[in-house]
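Here is a short briefing for a reader new to this structure. Please keep the sequence and the model in view while reading.

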Amino acid sequence: MAARDYIVRSVCPKLYGMHVVKLGLLLVLIGGAPLPGEESEGKRDEIDGDEEKVANSDDEAPVAFKIGGDDNDEYGGQQISNKKPNSANKPMKIRKRTQSHILLIGDPGTGKSQFLRFAAALSPRSVLTTGTGSSRAGLTCAAVRDGSTAGSEFSLEAGALALADRGVCCIDEFGCMSKEDRTSIHEAMEQQTISVAKAGIIAKLNARASVVAVMNPAGGIYDENISIEQNSRLGSPLLSRFDLIFVMLDQAEEQRDVNIAHFLLQQSIIPGSAYDRPLDTETKFKEDDINGHWSMEKLRSYVSTVREKFQPTLTPEASDLLYKHYNLCRQQNGDGQTIVTVRFLESLMRLSQAHARLMYRDQVLLDDA
């Protein structure tokens with residue numbers, strides 16, 4: 001766990017403390033693993049690219065007919081082909097969501113936007129947008145008339161979620177979006193697709209992206225006496241799609257305020273991140289030793305390596321622990337907090353697999369669950 005904590009310190013090193021929030025954000029960026037019988041993300045591209053070849057093969061040819069066939073033919077002159085179309089032998093594939101979503105809600109000045117921008121900088125493919133300037137078409141896709149072509153045909157332009165496919169979509173001021181605009185991303189967050197029926201164009205776009213959303217409470221300051229649904233004014237269908245929800249409060253604590261003040265002042269005096277930095281700056285250390293954390297490039301390489309190398313599977317002990325925790329939360333359902341659904345158990349599985357990847361192993365142990 002000491003090695004894990006050292007890696008977590010590399011997340012937003014200019015923010016003091018908040019170890020749990022940094023760990024949660026890192027797990028969301030790493031993501032879960034597909035089902036044992038399901039192809040990984042790298043193999044899906046090869047399969048999607050071969051679909052056109054399969055469609056144009058001879059196996060999909062139509063059955064031939066004899067117009068003037070023999071009367072002795074059993075089916076009136078029709079030649080029955082023994083070849084079956086590939087669609088009959090092709091099993092139906094159900095995509096399991098492996099991307100996790102995170103929501104940060106809290107008081108102003110708690111560093112929510114810094115977490116958002118760090119997630120956008122760490123991911124190789126990311127889209128950063130704000131809720132005040134985003135519409136339904138901007139998040140999903142828009143039908144645009146192409147004036148350069150004859151007849152002015154319509155074409156689709158991908159929105160933020162479609163452009164962030166296999167990456168991260170960061171949405172700031174998530175609470176400023178209208179209710180209709182937030183409803184449009186329900187399908188993209190759960191089914192990882194965007195269904196389009198606009199201007200005579202019917203299509204389905206991939207939106208396999210992790211959503212990192214940041215918002216302020218409805219009243220400006222988070223009220224601990226009411227539920228998170230009332231503070232955020234987000235419905236249960238949308239809240240249940242987030243794997244992690246962190247409430248960030250700005251509470252006055254003397255010792256914590258002193259530590260934050262020293263931390264920020266040390267940053268202004270000595271260049272760098274000032275995260276657990278040795279006071280003797282005249283001695284030459286390596287970059288990691290001076291800063292006390294990994295650089296952005298090193299952390300990005302580690303996240304990419306564990307995502308490609310490991311596809312963790314649940315052990316019986318970890319599965320039993322997740323089942324007991326889910327059953328306990330279901331029994332406590334209806335206590336004024338967010339309703340616990342089956343998505344909660346799927347979120348636990350994804351986060352456990354992400355933690356196993358972070359620990360550089362191929363099995364989900366009790367420590368990961």
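## Aromatic pairs, a sheet and a helix crossing

Tyrosine 16 is partly exposed, with a relative accessible area of 30%. The model it belongs to is predicted.

**Tyrosine 16 and its partner**

- The model holds five aromatic pairs.
- One of them joins tyrosine 16 and phenylalanine 263, with ring centres 5.7 Å apart.
- The planes of these two rings stand at 55°, so the pair is tilted.
- Phenylalanine 263 counts as buried, at 6% relative accessibility.

**An aromatic cluster**

- Tryptophan 294 and tyrosine 302 have ring centres 5.4 Å apart.
- Their planes stand at 70°, which is over 60, so this pair is edge-to-face.
- Tryptophan 294 is buried, with a relative accessible area of 14%.
- Tyrosine 302 is also buried, and its value is 16%.
- Trp294 and Tyr302 form one aromatic cluster with Phe310 and Tyr360.

**The sheet**

- Five strands make up an open sheet, and their order is S2-S5-S8-S1-S9.
- The pairing in this sheet is parallel.
- Strand S2 (126-130) and strand S9 (244-248) are the edge strands, and each pairs on one side only.
- From one strand to the next, the twist averages 10°.
- Strand S1 (residues 102-106) pairs with strand S8 (residues 210-215) over four bridges.
- Leucine 103 stands opposite alanine 213 in S8.
- Helix H2 lies across S1, strand S5 (168-172), S8 and S9.
- H2 runs at about 155° to S9.

**Two crossing helices**

- Two packed helices are described by the angle between their axes and the distance between the axes.
- Helix H6 (residues 112-122) and helix H15 (residues 296-309) have axes that come within 10 Å and cross at roughly 70°.
- That angle makes H6 roughly perpendicular to H15.
- On the H6 side, the residues in contact are Phe118, Ala121 and Leu122.
- On the H15 side, they are Met296, Leu299 and Arg300.
- By class, the contact of H6 with H15 has five nonpolar residues, one charged residue and no polar residues.

Note on methods: Residues numbered from 1 in each chain as written. Predicted model: local features only at pLDDT ≥ 70, side-chain atom pairs only at ≥ 80, totals over all residues. Heavy atoms only, no water. Axes fitted to C-alpha atoms, helices over the stretch in contact; angles between N-to-C directions. Helix = DSSP H or I, 4+ residues; strand = E, 2+ residues; numbered from the N terminus. Parallel < 35°, antiparallel > 145°, perpendicular 65-115°, else oblique. Contact = heavy atoms within 4.5 Å. Nonpolar A, V, L, I, M, F, W, Y, C, P; charged D, E, K, R; others polar. Phe/Tyr/Trp six-rings, centres within 6.5 Å; stacked < 30°, edge-to-face > 60°. Buried < 20%, exposed > 50% of the residue type's maximum accessible area, 1.4 Å probe, protein only. Pairing = 2+ DSSP bridges.
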